[in-house]
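Please keep the coordinates at hand while reading.

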Amino acid sequence: MNKPLRIALTKGRLEKDTVGLFEKIGFDCTAVREKGRKLILPIDDGRIEVVLAKANDVITYVEHGVCDMGVVGKDTIMEMQGKFFELADLGFGRCKFALATKKGHRFYGGYGVKTIATKYPNITRNHFESKGMDVEIVKIEGSVELAPLLELSDGIVDIVETGTTLKENGLEVIEDICPVSARLIVNMVSMKLRQQEIEKLVELIDKNL
Amino acid sequence: MKKYDLLTPEGTRDLLFEECLARRDVEKRIKELFSHFGYSEVVTPGLEFFDAFNGSTRNFQTENLYKTFDSKGRIIVMRPDSTIPIARLVSTRLKDAILPLRLYYNQRIYENNALLKGRSDETVQAGIELIGGENSKRADYEVLCTAVEALAMFDKDNFRLELGHIGYFKELVTKLDADDNAREEIRILISTKNYPALVDLLDSFGDNEVTRALKQLPRLFGGAEVFEKAASIYTDEKINAILSELKEEYERLSSLGYEGKISVDLGIVSHTDYYTGIVFKGYLSEVGKYVLKGGRYDTLLGEYGFDNPAVGFGVNVDGITRHLEKIGDHYSLKTPDAVVYGEKGHVVEAIAYARNLARDGKTVENSLFDTLDETKVYAVSKGIKKVITVGEDVKEIDV
């Protein structure tokens, strides 16, 4: 038998949604459901190997070709960039990137250079670059909402799902940047050398979305 | 201040012993292939003017070039590509040479990659450029066959050569009422096979034959069935000519004993924009990135005032070496046949004796120890089977 097709899943919610999708297709995913601490798990009688990784690492593994495919959020793709094929929008993991400020704060007023706090400096830079606007970007690792409250920044660029966290902290979305959802990515060489296997799997996924 | 005197810069590395053997062997086999097909080697400088890589069709990303300044303040880059320097060289020093010109190179290229991605900034690339020639079809076949051979000779079972034609995309996209930025966007989405975003973008140009064809473009790859699919999606005179040319190339290359090893991808829309005709990429199963890339570039030489057609390719020597290592092709260093030890007063004679053995094709080390016992211990520790002592007479001792 051929080497198994290796697919890297982003741990957490995307992993659960993808496993749900695989089960709908008819793959037996008990190995992933009862994984314990294992990180490489065979499904579909060993024809597919699921690798569990953090979002950024999914991209790294696929880019280097040690995993043939990956499931990762568009947010990570936009932030990390990289060379791979982005084959399908899986539809789940939906949310959006948005610019938020303290309620009533006039972000686009005045001449001063604005400061933005974010976990996603590249996306923020690209967004404001496309508007031809100079901003100062501060990278924050944890709860970004704190930065405008502590008056470190004028606004934040972050992922917004329901907006509850923003509301509870007196912040509001003033601009949507772009929608985000889970994507299926494929290594450029695997796509060519294992075309049939990959296209078959993509077809199954398309049918069951 | 912190001193970086024990490390090599990110993206570079030292090669030791077996790694050198492996790389040199790959280089040797590729160079032999090229020279047996009548190609002659050229070497271009590692440093070039920035302007050479910043022309209309020579758009290298500024941030990916290693840059410095010369003594007059002009911007210098470390060569990111060999084809452009060779085009410059041909258009100047070889403009009166008899055509066609067959040139090959084997040299390092540099790319300033993002940090911590595990990519090399310095790679060895070998390649050929076939310049001139009345019949470009013959030239295309020559270069394609050489490319197939350059992959097949390393692993005839696990390679793939993929053909495309830049004209297919260029024809379609000029029919689209889009500005340069939108065209570039479309190109990027096709090259990354980003179906969802491509469909969204093309929907804004309405629903017609051209947008439908462009939407399908990323899916037009695989075997012979691609030609039927493409013909059913969009046809006009130019596109038909391109497709039938590609189909012929696909069939004739496959029939050389490479069935299943040749494939087609009409969605190869390369970033380096000097290609004008066929384009192709080569893959090896154990390397996550293409190891060979080439195509026809009929207008590049004209930019240097030497209007001639040309076709060529480059192959990533480090990529091939890595593939060979992963499939278990190991190179090992040769253990010397003997250690030659000169007794007191016979040091020079011992070196001369060692030299004679070396001339006969033996591998020998000259002992730097003052006693025979230390020499023996050293030989045993390095796995060398024999010690030869040179004194009043010559004695061979097995250890």
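**Layout, interface and core**

Chain A contains 9 helices and 11 strands. The model is predicted, and the description below should be read with that in mind. The C-alpha trace of chain A extends over about 65 × 30 × 30 Å along its principal axes. Of the 209 residues in chain A, 39% are buried. Among the contacts in chain A with a separation of 6 or more, 65% are between residues 24 or more positions apart.

Chain A is assigned two parts: domain 1 covers 5-93 + 181-208, and domain 2 covers 95-179. The C-alpha centres of these two domains of chain A are 31 Å apart. Where they meet, 4 residues of domain 1 are in contact with 6 residues of domain 2. The side contributed by domain 1 of chain A consists of 1 nonpolar, 1 polar and 2 charged residues. Chain B, in turn, is divided into domain 1 (1-154 + 301-333), domain 2 (159-284) and domain 3 (338-398). Between the C-alpha centres of domain 2 and domain 3 of chain B there is a distance of 65 Å.

The next topic is the meeting of the two chains. Here 14 residues of chain A are in contact with 16 residues of chain B. On the side of chain A, the elements giving two or more residues are helix H3 (55-64), strand E5 (85-89) and helix H8 (188-193). The most, 5 residues, comes from E5(A). By class, this side of chain A has 6 nonpolar, 4 polar and 4 charged residues.

Helix H3 of chain A deserves a separate look. Its buried residues are A:Ala55, A:Val58, A:Ile59, A:Tyr61, A:Val62 and A:Glu63. Their cover includes strands E1 (5-10), E3 (48-53), E4 (69-73) and E11 (182-186), together with helix H4 (74-80), of chain A. Just after H3(A), the backbone at A:Gly65 adopts a positive phi of about 85°.

In soluble globular proteins, nonpolar side chains tend to be buried together. In this model, the largest nonpolar core has 114 residues, and those with the most contacts inside it are A:Val62, A:Ile185, B:Ala147, B:Leu151 and B:Val315. Helix H3 (residues 136-152) of chain B supplies the largest share of this core, 7 residues. Beyond residues up to four places away in sequence, B:Leu151 touches B:Phe159, B:Leu161, B:Gly282, B:Leu284 and B:Leu292. There is also a second, separate core of 16 residues, which includes A:Phe97, A:Leu99, A:Ile156 and A:Val157.

Several backbone details remain. Although A:Asp45 is not a glycine, its phi is positive, at about 55°. A:Asp45 is in the loop between strand E2 (40-43) and E3 of chain A. Is A:Asp45 buried or exposed? It counts as exposed, because A:Asp45 has 10 C-beta neighbours inside 10 Å, and the cut-off for exposed is 12 or fewer. A:Gln81, likewise not a glycine, has a positive phi of about 60°. The loop that holds A:Gln81 runs between H4 and E5 of chain A. With 13 other C-beta atoms within 10 Å, A:Gln81 is therefore partly exposed. In chain B, the peptide bond from B:Leu99 to B:Pro100 is cis, and its omega is near 0°. B:Pro100 belongs to the loop between helix H2 (83-92) and strand E5 (101-110) of chain B.

Terms used
Residues numbered from 1 in each chain as written. Chains lettered and ligands numbered in written order. Predicted model: local features only at pLDDT ≥ 70, side-chain atom pairs only at ≥ 80, totals over all residues. Contact = placed C-beta atoms within 7 Å. Helix = DSSP H or I, 4+ residues; strand = E, 2+ residues; numbered from the N terminus. Nonpolar A, V, L, I, M, F, W, Y, C, P; charged D, E, K, R; others polar. Buried ≥ 20, exposed ≤ 12 C-beta atoms within 10 Å, placed from the backbone. Domains from an automatic or database assignment. Core = buried A, V, L, I, M, F, W, Y, C linked by C-beta atoms within 7 Å.
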